[in-house]
Amino acid sequence: MEGYLQRDWQCRIKRYVQFLEISDNPELIEQYRKWHSEEYNWKEVRYGIRAVGILEMEIYIIGNRLVMIVDAPEDFCWEEAMKKLATLPRQAEWEAFVSKFQGCDADARSDEKWQPMERMFRLY
């Protein structure tokens, strides 16, 4: 694993950590990885994530379990941002597309799939 520098946003940041289980089918997991890669991701979805105010987003995987880490400005409102995101170009199409990997309703928005996690430990 390579190290990297965190970007200094020069503002206070809120972090959201969420969990999702996807299909336990190795072929579907490989496809899911592919569609989240730099080469195959949908640019409109990336632009939409930025357009609603998300500064950084990472998704980690082990087996069929995903953890998503989202950093946003302190005044960011998750609920409002997810409502706006759902209306942006290709977002609904993307959610329907990835639902086959996620085992959920094709009409479900991102915030209806990912489950928020509670921080129980901090060391800074």
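How many nonpolar, polar and charged residues does the lining of the largest pocket have, by class? The lining has 20 nonpolar, six polar and seven charged residues, where Ala, Val, Leu, Ile, Met, Phe, Trp, Tyr, Cys and Pro count as nonpolar, Asp, Glu, Lys and Arg as charged, and the others, Gly among them, as polar. All views show a predicted model, in which local features need pLDDT of at least 70 and side-chain atom pairs count only at pLDDT 80 or more, while totals for chains, interfaces and linings use all residues. Residues are numbered from 1 along each chain as its sequence is written, and side-chain values use heavy atoms, with hydrogens and water left out.

**View 1. The open sheet has four strands in the order β2-β3-β1-β4.** Pairing in the sheet is antiparallel; two strands pair if DSSP finds at least two bridges between them. Helices (H or I, at least four residues) and strands (E, at least two) are DSSP runs, numbered from the N terminus. At the edges are β2 (56-62) and β4 (115-116), each of which pairs on one side only.

**View 2. Strand β1 pairs with β3 and with β4.** Nine bridges connect β1 (residues 13-21) to β3 (residues 65-73) in the antiparallel sense. Val17 has Ile69 of β3 as its bridge partner, and Leu20 is opposite Leu66 in β3. Between β1 and β4, also antiparallel, there are two bridges. Gln18 lies opposite Pro116 in β4.

**View 3. The largest nonpolar core contains 24 residues.** Such a core is a set of buried Ala, Val, Leu, Ile, Met, Phe, Trp, Tyr and Cys residues joined through side-chain atoms within 4.5 Å. Tyr32, Ile54 and Phe76 have the most contacts inside the core. Two or more residues come from each of β1, α1 (26-35), α2 (43-51), β3, α3 (78-85) and α4 (91-102). Beyond four places in sequence, Tyr32 touches Leu20, Ile22, Leu66, Val98, Phe101, Gln102 and Trp114; contact means heavy atoms within 4.5 Å.

**View 4. The largest pocket holds about 1,100 Å³ of space.** On a 1 Å grid over the protein atoms alone, a pocket is an open set of points where a 1.4 Å probe fits, with protein on both sides within 12 Å along at least five of seven lines; lining residues have an atom within 4 Å of a point. Grid points are joined across faces, edges and corners, and a volume is the space filled by probe spheres set on the points. Of the 33 lining residues, His36, Arg46, Met57, Glu58 and Ile59 lie nearest the centre of the pocket. Elements giving two or more residues to this lining are α1, α2, β2, β3, α3 and α4. Strand β2 gives the most, six residues.

**View 5. The second largest pocket has a volume of about 430 Å³.** Its lining comprises 14 residues, with Ile13, Lys14, Arg15, Arg119 and Tyr124 nearest the centre. Strand β1 supplies the largest share, four residues. By class, five lining residues are nonpolar, one is polar and eight are charged.

**View 6. Asp71 is in strand β3, and Arg50 is in helix α2.** The relative accessible area of Asp71 is 7%, so Asp71 counts as buried (under 20%; exposed is over 50% and partly exposed in between, with a 1.4 Å probe and protein chains only). Beyond four places in sequence, Asp71 touches Gln6, Ile13, Lys14, Arg15, Ile54, Leu55 and Glu56. With the same exclusion, Arg50 is in contact with Trp9, Leu55 and Glu56.
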